[in-house]
Amino acid sequence: MTNNLINISPIDGRYGSKTEVLQGYFSEYALIKYRVEVELKYFIALSEIPLPGLESFNEADKKVILSWLDDFDLEQASMIKDIERTTNHDVKAVEYWIKSKFDQQGWEDWKEYIHFGLTSQDINNTAIPLMLQGAMNREVIPMMESLITQIEALASEWASVPMLARTHGQPASPTKLGKEIQVFVYRLNRQLSAIKETTISGKFGGATGNLNAHKVTFPDIDWIEFSNQFLVDKLGIERQTWTTQIENYDEMAALFQAIARFNTILIDLARDMWQYISTDYFKQKIIAGEVGSSAMPHKVNPIDYENAEGNLGYANAIFNFLAGKLPISRLQRDLTDSTVTRNIGVPIAHTVIAILSLQKGLNKVVLNPTAIEKDLANNWAVVAEAIQNILRREKYPNPYETLKALTRTGTAITEETIKTFIQDLDVSEDIKAEMMKISPFTYTGY
């Protein structure tokens with residue numbers, strides 16, 4: 001069945017239309033295809049040495065092999081899954097499928113070089129980094145960049161809008177709305193740089209990472225150099241020099257932690273936007289036919305930010321688990337990494353869902369200047385900081401304490417309260433005039 005109403009995970013069910021772009025990277029089909037790619041390109045690399053018996057392998061033969069990769073589809077993947085039911089080993093099933101293709105070509109003399117000297121982790125630990133690299137470069141990073149661009153446009157649009165700030169939930173020195181949004185742009189760009197700079201690497205070294213089988217079979221070939229070049233030239237990833245049977249997963253863990261930091265900033269943004277909406281700083285565009293609440297017809301709930309926050313939290317829980325688990329294995333290898341790496345698409349999918357939810361939410365917000373201006377007008381006490389610092393400059397006695405006595409009485413501090421206070425100060429008329437210009441609307445710093 002393909003109806004998304006019966007999927008267990010909301011990634012493929014409720015949110016299937018948003019995550020389908022990841023199916024080519026993190027599905028079982030995708031993993032099989034990337035394994036086939038590594039096996040086929042490895043055979044081609046061996047033919048280019050060439051190993052004994054592969055001297056007659058030519059460009060025409062190479063095109064045939066690459067066409068298998070180009071033509072690989074669900075039907076081919078299903079054939080490999082059928083083989084796996086007998087082998088009970090997923091990578092061996094790929095090897096047998098390729099050998100059957102060689103038999104069909106009459107290449108029986110070459111087929112034992114398929115998977116030569118390798119363990120399954122040489123395939124998995126190159127296929128999975130390739131999957132991850134492809135998904136990040138082609139799908140996830142462009143989405144992150146698009147979201148940052150959208151946020152930056154709002155920061156620019158609201159650059160001149162004064163706004164009451166709140167620290168500890170209390171009225172604080174005013175700011176500009178655009179500046180507060182720009183903070184998120186700055187933070188996100190820094191973490192995006194860390195994501196882009198994280199190395200994608202793989203393991204390729206035989207059963208325990210020492211290329212034992214390669215060296216004992218063909219001792220005159222520099223297999224370390226071959227392996228390094230194979231990963232760089234044929235697969236486009238770096239090779240980890242020192243490994244056990246499995247890759248070290250340190251770079252993968254670093255990537256997941258970097259994405260988690262990016263997501264944490266988005267959670268902060270989602271909560272702030274939710275708060276601004278709740279204080280009426282923003283209205284939300286009315287969408288025809290959309291229901292805000294099943295009981296209260298007037299409501300337009302900030303569900304996009306809530307959905308984003310939930311998905312980001314879920315994604316980060318898995319990212320942090322992966323980052324803490326994958327670099328740890330028993331001795332030269334246990335099987336826990338194989339089970340866990342099958343789920344790396346899950347937190348990435350939840351991240352994608354969250355990014356799309358945030359973009360939808362940000363597209364719906366409409367600035368409500370009336371509420372913002374009212375908040376500023378009702379909080380003249382915030383200019384006390386400005387006045388007391390000018391008084392400090394003028395060596396006025398106990399300026400902090402003087403302003404504290406004015407503002408912390410439990411009564412409302414109005415524009416009139418502040419201006420009367422200034423007029424009663426024992427300072428020059430020029431200093432009074434300077435302070436009279438200060439208001440919650442203008443005291444916004446840089």
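The legends below describe several close-up views of a predicted model.

**View 1. Helices α11 and α12 packed against each other.**
Helix α11 covers residues 250–278 and helix α12 covers residues 303–325, and the two pack at an angle of about 160° with their axes 9 Å apart. Because angles over 145 degrees count as roughly antiparallel, α11 is described as roughly antiparallel to α12. Where α11 passes α12, the crossing is left-handed. Sorted by class, the residues in the contact of α11 with α12 comprise 16 nonpolar, six polar and three charged ones.

**View 2. Tyrosine 314 in helix α12.**
Tyrosine 314 belongs to helix α12, one of the two helices of the pair that packs at about 160°. Is its side of the story told by residues beside it in sequence, or which residues does tyrosine 314 contact once its neighbours within four places in sequence are left aside? With those neighbours set aside, tyrosine 314 is in contact with Val346 and His350. The C-alpha atom of tyrosine 314 is separated by 7.2 Å from that of proline 347, although these two residues are 33 residues apart along the chain. The relative accessible area of tyrosine 314 is 47%, so this residue is classed as partly exposed.

**View 3. Helices α3 and α10 at an oblique angle.**
Helix α3 packs with helix α10, which covers residues 223–235, at an angle of about 125°, and their axes are 11 Å apart. This angle makes α3 oblique to α10, and the crossing of the two helices is right-handed. On the side of α3 the contact is made by Val38, Lys41, Tyr42, Ile44, Ala45 and Leu46, while α10 contributes Trp223, Phe226, Phe230, Lys234 and Leu235. By class, the contact of α3 with α10 holds nine nonpolar residues, no polar ones and two charged ones.

**View 4. Helices α18 and α19.**
Helix α18, made of residues 415–423, and helix α19, made of residues 429–436, pack at an angle of about 165°, with 9 Å between their axes. At this angle, α18 is roughly antiparallel to α19, and the crossing of α18 and α19 is right-handed. The residues that make the contact are Lys419, Ile422 and Gln423 from α18, together with Lys432, Met435 and Met436 from α19. These residues of the contact of α18 with α19 divide into three nonpolar, one polar and two charged.

**View 5. The hairpin of strands β1 and β2.**
Strand β1 (residues 162–167) pairs with strand β2 (residues 170–176) in the antiparallel sense, over five bridges. Proline 162 has lysine 176 of β2 as its bridge partner. In this hairpin two residues lie between the strands, and histidine 168 takes a positive phi near 60°.

**View 6. Serine 120 and histidine 115.**
Serine 120 is found in helix α7, which covers residues 120–157, whereas histidine 115 lies in the loop between α6 (90–105) and α7. When its neighbours within four places in sequence are left aside, serine 120 is in contact with His89, Val91 and His115.

**View 7. Backbone details in two loops.**
Most residues other than glycine have a negative phi, and most peptide bonds are trans. The peptide bond that runs from isoleucine 49 to proline 50 is cis, with omega near -10°, and proline 50 has its place in the loop between α3 (28–47) and α4 (59–70). Lysine 395, in the loop between α16 (384–393) and α17 (399–407), has a positive phi near 60°, and this residue is not a glycine. With a relative accessible area of 73%, lysine 395 is exposed.

Terms used:
Residues numbered from 1 in each chain as written. Predicted model: local features only at pLDDT ≥ 70, side-chain atom pairs only at ≥ 80, totals over all residues. Heavy atoms only, no water. Axes fitted to C-alpha atoms, helices over the stretch in contact; angles between N-to-C directions. Helix = DSSP H or I, 4+ residues; strand = E, 2+ residues; numbered from the N terminus. Parallel < 35°, antiparallel > 145°, perpendicular 65-115°, else oblique. Left-handed = near helix turned anticlockwise from the far one by under 90°. Nonpolar A, V, L, I, M, F, W, Y, C, P; charged D, E, K, R; others polar. Contact = heavy atoms within 4.5 Å. Pairing = 2+ DSSP bridges. Buried < 20%, exposed > 50% of the residue type's maximum accessible area, 1.4 Å probe, protein only.
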